[in-house]
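Try each task before you read its solution.

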Amino acid sequence: APALLAGNAVLYKPSEFATLSGLAIEQMLHEAGVPADVFIAVIGDGKVGGALLRLPVDGVFFTGSYATGTRIAASTGKRMIKTQLELGGKDPVYVADDVNVKAAAAAVADGAFYNTGQSCCAVERVYVHEKIYEPFVKAFVEEVKGFKVGDPLDEATYIGAITRKPQ
């Protein structure tokens, strides 16, 4: 969206594991009035991404794995084009000893498990001050026990299906 707002055309290649989301984004943007030749979703695997890197583009902006980011940086660095890589961190959370323990535990659990934990910014590490460690862990476990696992199309489900077998 920021690239479009700045007047740029966008070739958007979603992950091969999220092609329907990419096509839905394209459809919504076109329905909202973005011209078809200004936002184009390009569907495919890493070979398609590699082909896009060989095009005469002015910038490459990528969110994904470190391995793919390394290949992109090697390719775009040779051409000195704008490159932004968001390679996902380990997304730590620090819980200080002056918090409402129950509220903090609920927020951290949501941050870890929202979207079935399949988010590039999902909490992956939790550091808890030793003074509240025991009550925090207890509250966290209780919160997670309340998450309904099931059919992702059921409104009551909090944790649904994963997107692919390796997960």
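**Exercise 1.** Find the bridge partner of Val93 in S6.

*Solution.* In S6, Val93 has Val126 as its bridge partner. Before going on, note that the model is predicted, so to speak: local features need pLDDT of at least 70, side-chain atom pairs count only at pLDDT 80 or more, and totals for chains, interfaces and linings use all residues. Residues are numbered from 1 along each chain as its sequence is written, and side-chain values use heavy atoms, with hydrogens and water left out. Next, Pro92 pairs up with Arg125 of S6. Now zoom out: strands S5 (residues 92-95) and S6 (residues 125-128) run parallel, joined by four bridges. (Strands pair if DSSP finds at least two bridges between them; strands are E runs of at least two residues, helices H or I runs of at least four.)

**Exercise 2.** Which aromatic residues form one cluster with Phe113?

*Solution.* Start with the pairs: the whole structure has five aromatic pairs (ring centres within 6.5 Å; planes under 30 degrees apart are stacked, over 60 edge-to-face, the rest tilted). Phe113 and Phe140 make a tilted pair, because their ring centres are 6.4 Å apart and their planes sit at 40°. That pair links distant parts of the chain, with Phe113 in helix H5 and Phe140 in helix H6 (residues 133-145), 27 residues apart. Finally, the cluster holds Phe113, Phe136, Phe140, Phe147 and Tyr158.

Terms used
Rings of Phe, Tyr and Trp (its six-membered ring) pair if their centres lie within 6.5 Å; planes under 30 degrees apart count as stacked, over 60 as edge-to-face and the rest as tilted.
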